[in-house]
Amino acid sequence: MSRIFSSVLIANRGEIACRVIRTAKRMGLRTIAVYSSADAKAPHVRLADEAHHIGPPPAAESYLRADRIIEVAQASRAAAIHPGYGFLSENAEFAEACAEAGIIFVGPPASAIRAMGLKDAAKALVEKAGVAVVPGYHGPRQEPDFLRQKAYETGYPVLIKAIAGGGGKGMRRVERQQDFDAALASAQREAMSAFGDPRVLIEKYIPSPRHIEMQVFADAHGHVLHLFERDCSLQRRHQKVIEEAPAPGMTPEVRRAMGEAAVEAARVAGYIGAGTVEFIADGRGALRADGFYFMEMNTRLQVEHPVTEAITGLDLVEWQLRVAAGDALPFDQEDLVIDGHAVEARLYAEDPEKGFLPSTGKLIALKLPTGEGVRIDSGVAEGDEVTPFYDPMIAKIIAHGVSREQALEQLSGALTSTIVAGPKCNLAFLKALVDADEFREGAVDTGFIERNLENLGAVPQPADTQAIAAGTAQLLRMEYERSNPSLIVRGRLGSHEWLFDPWSARKGFELAGRRHTVVPVATENGRANVDLFFDEGGPRLLAPGEEAEGWPDVEWNATLRLAELGDGNGAVVRGVDKVFVIRNGRQTSVALVDPLDVDLEHLDGDAGGQITSPMHGKLVALLVNEGDEVAKGQLLAVVEAMKMEHALTAPVAGVVSEVLARVGEQVGEGARLLTVVAHEQG
Ligand code: ADP
């Protein structure tokens, strides 16, 4: 074994930077972090031996600044650069620039990145090597008429894919010929803005598709092998949500065929290091050795690599570093065996009830699970900010068990004991997924989530009234602790202001007897009223909408109130001017409001005719004009943010009464874009 270099710069942030730093430190390397202004206090900065500022928050001015990063690497005498995933990890020019600067790039040769960089060229390359690819068109011609013809020949449904694509961007599924042109235009627009390249290819849409990928590893001495497969079929909009290894229903025969195809793909690309060959499998029955097709190769470490580490016992980052230093892989294909089963869930700061919009802000509380068989890779800690600049991942939660069943049980338990307060997160959604019967049975395809959004709680839910009551109790306690009980009584109990003392029992009630007051609160779902009663038994709270049978028998104390919520999965977390109640992985924020402060926005909410931008972004398409008749659900406009397009549809059937924004304009979160006046209900 050669002597490994002595230092490494990690050109990344978040969980993957932390994860790489950990292994590098264990191997005795000096670790050098880089950070943008938004990440000055981020965990990866704290964890590394040294850290250097590289620019302002936008990635284009910091984590994507190849020149700046190489400068820092030279100044800090870094022997190598590990790019993580995303950012510069699949950038061939960056790999070359590292080499020119005399720095080892921990990744494949630039030529291999290029060979696999564009989906069309990659497909052509592996096809020549005898690997099956999805039927369709992946040639140079791009005229809409020609592509429409190719789509027709391929047979609908088809998938339009950006050849430079990644992360599901620039991809559109088309069911019918008449929808082709619009889908093509939209895919090209998204591809242009995300990758600066509008070119696309056409693929047959594989029915009941399962995404199964092979982890490959190659060294510079001609050894290429695979570390088995991962099943990443649980996806939303082509982005992975839960990944596992091995794949349910995988047989030794199919694994051998897929492994050989993956190794072959890596070989023809001249690959060195860790890579992933993605296949799409026809999931309409059992997996077949002739029922999967090459989609693309990712020339880097994947987000989901921990499940492979769990079942192989290997540290992939360690082997990336060793291979980059020139070591040969010391094992052969036959030496590798699968140990049990592993599953990973991606915990994101996003709101499943609002179309999975990224959610930002300070993590007021973050309690990640621990325990036997559970691994956490996280890049944020309690008190950190989730900023709008980068991927809003909070953590990856990985469970490893002797069987699939056990791994899923462990993951389910781990999710139950996770608490996130502040930004909204997908915890309840992940839990629903992990517990879904079909998933437990191993019978899912990539459309599972989209078909089951409602069952998975990923649609607007009614307000959690128990949580509102618990939150109100906590707020009143906070008010009391601040010796400011005025809010409790304002305008309601008038002169009785000091007649009660909610926390020290019954004494105040000799005069008053039974009393009732209403505490108005604000939640993310609008206003609610919580009834507060006082009688001989002390103060009691009634959740909004809850019927009082006689006097409500609800405890005052927030903690008790939560204990009564029953499932052991609850917390009340204090924020500055509000509290967050977490119940079954779902967060409800509650704030006291002045009862005299009328909330106009909620009063004139007639049928939601205002179309507002869901987030900061750019208005990239406006499909209606003033005076147009629109049907409910009709596409009205498209806002692009974080390089993803967000479609805005008509909430009701009606007429567009005003258009308030122009295409190309930057729009703020909540900015009014147009108004639809609902047709009279007949
Ligand atoms: P990206 O690089 O943008 O992630 P991929 O080519 O890897 O794009 O595809 C992403 C996902 O889209 C796959 O995991 C799969 O769910 C789906 N997909 C891709 N190609 C097909 C296809 N031909 N038929 C059905 N689904 C597909």
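Me: Which polar backbone atom is 3.2 Å from an oxygen atom of the ligand, and how do I read that?

Reply: The idea is a polar contact: a pair of N or O atoms within 3.5 Å; within protein, one must be able to donate a hydrogen and the other to accept it, and residues adjacent in sequence count only if both atoms are side-chain atoms. Here a polar backbone atom of Gly-167 sits 3.2 Å from a ligand oxygen. A polar backbone atom of Gly-166 is 3.4 Å from an oxygen atom of the ligand, and an N or O atom in the side chain of Glu-296 is 2.8 Å from one. Keep in mind that this is a predicted model, where local features need pLDDT of at least 70 and side-chain atom pairs count only at pLDDT 80 or more, while totals for chains, interfaces and linings use all residues. Residues are numbered from 1 along each chain as its sequence is written, and side-chain values use heavy atoms, leaving out hydrogens and water.

Me: Let's move on to rings. How many aromatic pairs are there?

Reply: Rings of Phe, Tyr and Trp (its six-membered ring) pair if their centres lie within 6.5 Å; planes under 30 degrees apart are stacked, over 60 edge-to-face, and the rest tilted. This structure has 9 such pairs. Tyr-63 and Phe-87 are stacked, at 5.2 Å centre to centre and 25° between the planes. Ring pairs also link Tyr-63 and Phe-87 with Phe-389 and Tyr-390 in a cluster.

Me: Is Tyr-63 buried or exposed?

Reply: Buried means under 20% relative accessible area, exposed over 50%, and partly exposed in between (1.4 Å probe, protein chains only). Tyr-63 counts as buried because its relative accessibility is 0%, while Phe-87, at 27%, counts as partly exposed.

Me: What about helix H11: how many of its residues are buried?

Reply: Helices (H or I, at least four residues) and strands (E, at least two) are DSSP runs, numbered from the N terminus. H11 (residues 316-324) is mostly covered, with 8 of its 9 residues buried, including Trp-319 and Arg-322. At its start, a side-chain oxygen of Asp-315 comes to within 3.0 Å of the backbone nitrogen of Val-317. Just past the helix, Gly-326 has a positive phi of about 105°.

Me: Which residue does the side chain of Thr-472 reach?

Reply: Thr-472 belongs to helix H16 (residues 465-481), and its side chain reaches the backbone oxygen of Ile-468 at 2.7 Å. With a relative accessible area of 0%, Thr-472 is buried. Gln-302 is buried too, at 2%, and its side chain makes a 2.6 Å polar contact with that of Arg-300.
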